[in-house]
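Trainee: I would like to learn how to read helix packing. Where do we start?

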Amino acid sequence: MKPSTVLTKAKKLIEKGWCKGPMAKNARGEAVGPRSKAACQWCSFGAILAVDYGVGRLGAEDYLSRACGRSFILFNESQPSKRPVLRAFDRAIALAKSEGK
């Protein structure tokens, strides 16, 4: 899967629900695997893993870190809400598409 596609799909998951700490949470706020059917909130890393557990995620992670100006995982954990995270995904998607990825 192309990095821009991974990022677009991961962003949609974060729009549904975002979290910090665990990669994903269920409706009770408990940590679950990012690919669990019970997951309803994801951190940036968990959302990417939920979409693509393979090679496509590596490019997506690189673009997202570039868009954040640092580790996207640390960026996610330092944000007060999902808005800055979603903006970072938008920047990463634009960057990936500008490079044909």
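Mentor: With a definition: contact means heavy atoms within 4.5 Å. Helices (H or I, at least four residues) and strands (E, at least two) are DSSP runs, numbered from the N terminus. Buried means under 20% relative accessible area, exposed over 50%, partly exposed in between (1.4 Å probe, protein chains only). This is a predicted model, where local features need pLDDT of at least 70, side-chain atom pairs count only at pLDDT 80 or more, and totals for chains, interfaces and linings use all residues. Residues are numbered from 1 along each chain as its sequence is written, and side-chain values use heavy atoms, with hydrogens and water left out.

Trainee: What do the buried residues of H1 pack against?

Mentor: They pack against strand E2 (41-42), H2, H3 and H5. Among the buried residues of H1 are Val 6, Leu 7, Ala 10 and Ile 14.

Trainee: Which residues of H5 are buried?

Mentor: An α-helix has 3.6 residues a turn, so residues three or four places apart point the same way. In H5 the buried residues include Val 85, Ala 88, Phe 89, Ala 92 and Ala 96. H1, H2, H3 and H4 are among what covers the buried part of H5.

Trainee: What is Phe 89 in contact with?

Mentor: Beyond its neighbours within four places in sequence, Phe 89 is in contact with Leu 7, Ala 10, Lys 11, Ile 14, Ser 44 and Leu 64.

Trainee: What comes just after H5?

Mentor: Gly 100, with a positive phi of about 70°.
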